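Please keep the sequence and the model at hand while reading.

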Amino acid sequence: MANVFFTPHYIITGEHALDLSKDYLADMGKRALIVTDDFMVQFGNVKKVTDVLDSVGITYAVYSKINGEPNDTMIDAGVKIYNDEKCDFLIGVGGGSPIDSMKAIGTVLSNGGNICDYMGKVISKPIPPTCTIPTTAGTGSEATQFTIINNTKENIKMLLKGPVLMSKLAIIDPAFTMTAPPKITAATGLDALCHAVEAYTSTKAFTMSDTYALSAVKRIFDSLYECYVNGSNVEARTNMAIAALEAGIAFNNASVTIIHGMSRPIGALYHVPHGLSNAMLLDKCLRFAVSGAYDRFCDLAKTIGIYKEGMSEQEGAMAFIEAVGELCKKLEIQTPTEFGIDKDDFFSHLDKMAQDALDSGSPGNTRRSPSKEEIIEIYKSLF
């Protein structure tokens, strides 16, 4: 079977990647809208970008109000600023929320209306040129054709997609991830692990996506815990930044599965950050999925070096899942209860969450495809 493989137009990686990007940024337009959050301004990450823009004569406006999971009202505000400031291209600086918001703003600019109009549709009309600068090693949004936006009218997370949402320029500079605190480092790093594992075990996996997924899994197991306990380790931060990019490329082409499908409803209803809601589900969902792909999960055990000679595929697969569970414990991932979610309230929404998960399409990519009842049981097992 033939497959199409998507990546950003240009990818610049490594230390001082931002400095190397000057000529590429100069070709993108004359006035940028920088989409970010207040923390990126406070930490000085936005200034790093504006200093480079100043050096090549590009003017800019800053929209820094993506201070949580992005929603339709944030997108409306960004569209207005872009038009009022007469910008001609977009730069997303931050984690997945600013980058996803930037893509959604571009969608509305080119297609009109409100971002909620595009739920369930493939975005096909080209958007303004985009540059993505991730400041966390996790979401992979810098490398994908997807954006996730909260629909405040329906109280659901919309997964929007289209090849036109791919970045023209992705700048992967570990200097931007150095300011990420341990909890965010952990949650976003496990988000990247979900991307890679789900891509490798998806029914849509193929040779090219497999290559990136396996590389990402190895890098994450080699470096995520070190980033968590020693955030100033440049080598580990660089390795994780590349892993997040690789995992993003992998799932952009092979899609995600049950974890992401079940994660989005939790985020929409309880405002759990995306990486954390994935991490909460990681162990339970993999234990459900493994029987449909023992061979693939065993490959992952071999990739991280825990497969022992003589193990069956099932034994190797379970060894990998145990290793994932141990990593989550070392990273001190919160349970739903520890996050503050009320069990009775959570259980009262089980039917809606399970249906929303199925409607997203992601669980259907799992090699052991779940029923609604099985998804409900997995949700219950979190308490």
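In this predicted model, strand β8 covers residues 169–172, with Leu169 and Ile171 pointing one way and Ala170 and Ile172 the other. All four side chains are buried.

Two strands pair with β8. Strand β1 (residues 10–13) runs parallel to β8, and 4 bridges connect them; within this pairing, Thr13 has Ile172 as its bridge partner. Strand β5 (residues 130–134) is also parallel to β8, joined to it by 2 bridges. On that side, Ala170 of β8 stands opposite Thr132.

The next topic is salt bridges. The whole structure contains 16 of them. One joins Arg296 to Asp210, with the closest N and O atoms 2.9 Å apart. This pair links distant parts of the chain, since Arg296 belongs to helix α12 (residues 294–303) and Asp210 to helix α8 (residues 207–229), 86 residues apart. Both Arg296 and Asp210 are buried.

Another salt bridge is formed by Lys372 and Asp351, at 2.9 Å from N to O. Lys372 is in helix α17 (residues 372–380) and Asp351 in helix α16 (residues 350–359), so the contact ties together parts that are 21 residues apart in sequence. Asp351 is partly exposed, at a relative accessible area of 47%.

Helix α17 also holds Glu377 and Lys380, 3 residues apart and therefore separated by about one helical turn. Their side chains form a salt bridge with a closest N to O distance of 3.5 Å. Glu377 counts as partly exposed at 47% relative accessibility, and Lys380 counts as partly exposed at 32%.

Finally, a network of salt bridges links Asp283, Arg287 and Glu322.

Methods. Residues are numbered from 1 along each chain as its sequence is written. This is a predicted model: local features need pLDDT of at least 70, side-chain atom pairs count only at pLDDT 80 or more; totals for chains, interfaces and linings use all residues. Side-chain values use heavy atoms; hydrogens and water are left out. Buried means under 20% relative accessible area, exposed over 50%, partly exposed in between (1.4 Å probe, protein chains only). Two strands pair if DSSP finds at least two bridges between them. A salt bridge is a side-chain nitrogen of Lys or Arg within 4 Å of a carboxyl oxygen of Asp or Glu.
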